[in-house]
Amino acid sequence: MIPVRWSSVRLLALAAGLAAVSAVPAVAERPSLLPAGWDADIKLAEAPDRNPDPGIVEIEIVAKLAEVEVAPGTRVTAWTYNGGLPGPLIRARVGDRLIVHFRNELEQETTIHWHGIRVPIEMDGVPGISQPPVKTGETFVYDFVVPDSGLFWYHPHVMSAAQVGYGLYGPLLVEEPDEDVGVADALTIVLSDIGIGPRGLLEPADSGGSAGMVFGREGNHVLVNGRVRPELRARAGVPQRWRIVNTAKSRFFFLDLEGQTFIKIGGDGGIQEYSERKDVVLVTAGERVDLIVMPMGEPGGEITLRSLLYNRGYGSIEYRSVEDLFTIQFTDEAPLPAPVLPEMRRAIVPPAVEGATPVTMQFTLPPVDGKGESEFRINGVPFWKAEPFKARIGETQFWTLDNQTPWDHPFHLHGYFFMPVDEAGVPISPMEWKDTLNVPMNETIRLLVTFDERPGEWMIHCHILDHADGGLMGTVLVGDVKPSSHHTHVPPR
Ligand code: C2O
Ligand code: CU
């Protein structure tokens, strides 16, 4: 293997192919079938692209405190990107180069991690492993190519549970110009929550101590693109595409549209093998889903998207209620007769099981110690005592994630997609590239992953960020690189 830097290879390829890329005609724009301003209540601000080159998206992101209004009259000073909650929607096309001029105006150091993007390690945003932390007043330039289409997101990797919980997250949508799902009206939806205390201040990130860590703290205000229970306007029956990301640090969303059908066409890594009809859709922390819906109802009536109770461990259904996410107010027009949509399919070649190196990761939670503290462990050790897992460039591994704890863990791998194989022995179908996958309590999931030509030390962790900070984290050393000294880190207490 010649040790070429992946980033420079991609950039050269991009420079050579740029003219061709921009010459490809986009799929004919379909006219919107919905009233003007139908999504005004939740439309996300976009980061303006200041680079005239069509193959480069160049933006500015500033992390800073800002007062946001999550519901009429409910304001809180959150930690934000560019003053908004969530941070701005970054929009790019597959193969674009993304340049982000980042400045930290917070009082704490931070970074940006590009969740799900196959970046080179230098751009992965993990302090002490892939870059130094960005201190107060400092800047950092993130510069990489976005090689895959799909909805991704960005967030810090410093004190993640605290910083994400306080509001630092935003969506990154990478579009494939030739992809046609047959739907004109689309939403990018960021689901999250935030904890606001009685005096209108952010709830401390360590509330509830060790028990709070084990549960995974949820905010008391559920947000849809930063708003509590926003309203959309739509004509009944008009198909809408909803690309949804769950950026909450712990909360799961279990979507129900009053029993109406969702067509799931994709997720973390873009379009899936074939689409599926679903009555409910689970989106665990860090995951994305790509849905087509045709909300039906009486002209002038309304329906509500809700998050049903889902048991991810003790405390997630006890004394809890169903959450309203947003309502759709129907116009007076007669419902649109059911449209014919193209069948979405994608040929996916999974990594080969034959010859794959078996790796087992056991998640455990020992009983609390004498001081009432507890920690999550992978193969018997919490993150701060762990040695990295190892992989060779080009190697395919067959991972068994054995969750022996009574809590679910949405497991995330940085920098690579993986292919889920089976859950509790039952094959997973349709095939879908994932970077975040829920491992339910007391269950085992197996997956295949191939480590391509991007050497480095890549993180694995539970995306319930309290669990990650509580020990459920590790790294994989890909290729012949030196491990960082992360294992000397002290527990975050
Ligand atoms: Cu969104 Cu280390 O993760
Ligand atoms: Cu977890």
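This is a predicted model: local features need pLDDT of at least 70, side-chain atom pairs count only at pLDDT 80 or more; totals for chains, interfaces and linings use all residues.
Let me begin with phenylalanine 363, which stands opposite isoleucine 378 in strand β21.

Residues are numbered from 1 along each chain as its sequence is written, chains are lettered from A and ligands numbered from 1 in the order in which they are written, and side-chain values use heavy atoms, with hydrogens and water left out.

Now, to what sheet do these strands belong? It is an open sheet of 6 strands with mixed pairing, in the order β21-β20-β23-β28-β25-β26. Its edge strands, each pairing on one side only, are β21 (377–378) and β26 (426–427). Strand β23 (residues 396–403) runs antiparallel to strand β28 (residues 444–450) and is joined to it by 7 bridges, with aspartate 402 opposite threonine 444 in β28. Strand β25 (residues 419–423) also pairs with β28 in the antiparallel sense, over 4 bridges, and here glutamate 423 stands opposite isoleucine 445.

Let me turn to the domains. The chain is divided into domain 1 (6–175), domain 2 (185–330) and domain 3 (357–488), with bounds that come from an automatic or database domain assignment. The C-alpha centres of domain 1 and domain 3 lie 25 Å apart, and 22 residues of domain 1 are in contact with 22 residues of domain 3, contact meaning heavy atoms within 4.5 Å.

How much area is buried between domain 1 and domain 3? The figure is about 1600 Å², of which carbon and sulfur atoms give 67%; buried area is the accessible area (1.4 Å probe) that two parts lose on being put together, summed over both.

Across this interface the rule finds 1 salt bridge, that is, a side-chain nitrogen of Lys or Arg within 4 Å of a carboxyl oxygen of Asp or Glu. Arginine 118 forms a salt bridge with aspartate 452, the closest N and O atoms being 3.6 Å apart. On the side of domain 1 that touches domain 3, the elements giving two or more residues are β5 (113–115), β7 (150–155) and α2 (160–165).

Finally, a few points on the backbone. Most residues other than glycine have a negative phi, and most peptide bonds are trans. Methionine 159, in the loop between β7 and α2, has a positive phi near 45 degrees. The peptide bond from leucine 85 to proline 86 is cis, with omega near -5 degrees, and proline 86 is found in the loop between β2 (74–81) and β3 (90–93). The bond from serine 429 to proline 430 is cis too, with omega near -5 degrees, and proline 430 has its place in the loop between β26 and β27 (436–439).

Definitions and conventions
Two strands pair if DSSP finds at least two bridges between them.
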